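User: Hi! Could you walk me through this model? I'd like to start with the ligand site and then look at a few residues.
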Amino acid sequence: MTRVLVTGVRGKTGVPLAGLLAARGVEVLGGSSDPSTVTLDGVRPTAFSWDDPSGWPAATAGVDAVYVVRPDRADAPGLLTDLMATLADGTHVVLLSEQAADQVGPDGWSPAGERAVRESGHSWTMLRPSWFMQVLTDRRFYRDAVAGGDLPFPSAGARVAWIDARDIAAVAAAALLDPGHDGAVHEITGPDALTLPRTAELLTRATGHPVVHSDVPAEEALAGLEGFERELTELTFDRVRAGVFAAVTDTVERVTGRPARSLEEFLADAAPELRPAAQR
Ligand SMILES: NC(=O)c1ccc[n+]([C@@H]2O[C@H](COP(=O)([O-])OP(=O)(O)OC[C@H]3O[C@@H](n4cnc5c(N)ncnc54)[C@H](OP(=O)(O)O)[C@@H]3O)[C@@H](O)[C@H]2O)c1
């Protein structure tokens with residue numbers, strides 16, 4: 001039986017990926033810094049924390065492949081190098097990176113993280129997704145603002161080809177289990193590049209309450225963030241405004257055989273999560 005460690009298993013891509021792998025008969029180790037919170041069917045909760053490398057050998061013992069959700073912290077490239085050194089020869093690595101990661105420049109943080117995997121000696125696949133649709137329903141991101149009728153997002157008119165994390169998971173499952181993905185760099189986007197006003201319009205339609213996009217200054221969107229998180233978020237919004245996330249690819253269809261979900265399809269499932277707090 002194939003054994004796969006899914007890091008970030010309670011995150012946006014980890015949950016659907018674990019389900020897809022379990023359905024294909026894989027022994028799924030669900031990595032989390034808090035394994036007691038992992039309650040997914042067919043998944044073995046597994047202690048995995050970027051803060052505790054001493055636990056990595058046990059978490060990765062006997063695995064055929066690892067799905068690595070890059071930690072968004074300054075020391076990620078070094079942590080990824082160390083994790084790669086922990087893996088047995090022959091372990092395939094699928095890294096969740098970000099769209100057009102090399103446009104950040106050769107000395108940037110994203111390319112350095114990818115390099116740690118590319119130069120590790122393991123076979124690898126890069127996943128480079130656009131913005132996840134699930135940020136609209138995640139309470140750590142936009143859920144409460146959207147539920148309150150507001151989508152504050154500094155876009156300067158640029159478009160975003162939102163991708164459903166379930167489609168990223170489907171590409172990840174193929175890259176982990178099927179032949180033909182070694183050395184592949186998959187740029188993964190949804191089917192439509194949407195302006196933020198159009199995104200708000202679709203949210204309005206799906207939720208039944210008005211949602212208005214406000215093109216807030218980046219400074220306002222960055223309020224409360226500090227240090228590396230602030231730098232990374234600022235860079236990401238710069239990339240939004242430069243149109244980096246407007247590119248549309250056919251990767252989901254090419255890899256999985258079915259088209260990427262549209263924002264309308266995502267919202268048809270997710271709209272109940274965006275009801276005002278009192279009605280949830
Ligand atoms: N979000 C996007 O639009 C986007 C776009 C492109 C690339 N990416 C990249 O994708 C990666 C994942 O980013 P993400 O923002 O989507 O994170 P995520 O996968 O939703 O969560 C990441 C981790 O946060 C921890 N966590 C803490 N509180 C949680 C909670 N309440 N619910 C679920 N998990 C919680 C979990 O790790 P523990 O279980 O170990 O605590 C989880 O695996 C990052 O490398 C990011 O740069 C994201």
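Predicted model: local features only at pLDDT ≥ 70, side-chain atom pairs only at ≥ 80, totals over all residues.

User: Great. Which residues come nearest to the ligand?
Analyst: There are 20 residues around the ligand, and those that come nearest are R10, S32, S33, R70 and F132.

User: How does that shell divide into nonpolar, polar and charged?
Analyst: The shell around the ligand has seven nonpolar, six polar and seven charged residues.

User: What is the distance from the R10 side chain to an oxygen atom of the ligand?
Analyst: An N or O atom in the R10 side chain is 2.6 Å from a ligand oxygen.

User: And the serines?
Analyst: S32 uses its side chain: a polar atom there lies 2.5 Å from an oxygen atom of the ligand. With S33 the backbone is involved, as one of its polar backbone atoms is 2.8 Å from a ligand oxygen.

User: Nice. How much of the ligand does the protein bury?
Analyst: The protein buries 77% of the 880 Å² that the ligand exposes when taken alone.

User: Which pocket is it in?
Analyst: The ligand takes up the space of the largest pocket.

User: Okay, changing topic. Where is H92?

User: Is H92 buried or exposed?
Analyst: H92 counts as buried, because its relative accessibility is 8% and the cut-off for buried is under 20%.

User: What does its side chain contact?
Analyst: The H92 side chain makes a polar contact of 3.0 Å with the side chain of T125. A polar atom of the H92 side chain also lies 3.2 Å from the backbone oxygen of A175.

User: Where does A100 lie?
Analyst: A100 is in the loop between β5 and α4, with α4 spanning 109–118.

User: And what about A156?
Analyst: A156 is found in the loop between β7 (150–152) and β8 (159–160).

User: Which of the two is buried, and which is exposed?
Analyst: A100 is buried, with a relative accessible area of 8%. A156 counts as exposed because its relative accessibility is 57%, and exposed means over 50%.

Key
Residues numbered from 1 in each chain as written. Heavy atoms only, no water. Near = heavy atom within 4 Å. Polar contact = N/O pair within 3.5 Å; in protein donor to acceptor, adjacent residues only side chain to side chain. Areas by Shrake-Rupley, 256 points an atom, 1.4 Å probe, with all protein chains shown as cover. 1 Å grid on protein atoms, 1.4 Å probe; cavity = no way out; pocket = protein on both sides within 12 Å on 5 of 7 lines; lining within 4 Å. Sits in = over half its atoms within 2 Å of the grid points. Nonpolar A, V, L, I, M, F, W, Y, C, P; charged D, E, K, R; others polar. Buried < 20%, exposed > 50% of the residue type's maximum accessible area, 1.4 Å probe, protein only. Helix = DSSP H or I, 4+ residues; strand = E, 2+ residues; numbered from the N terminus.
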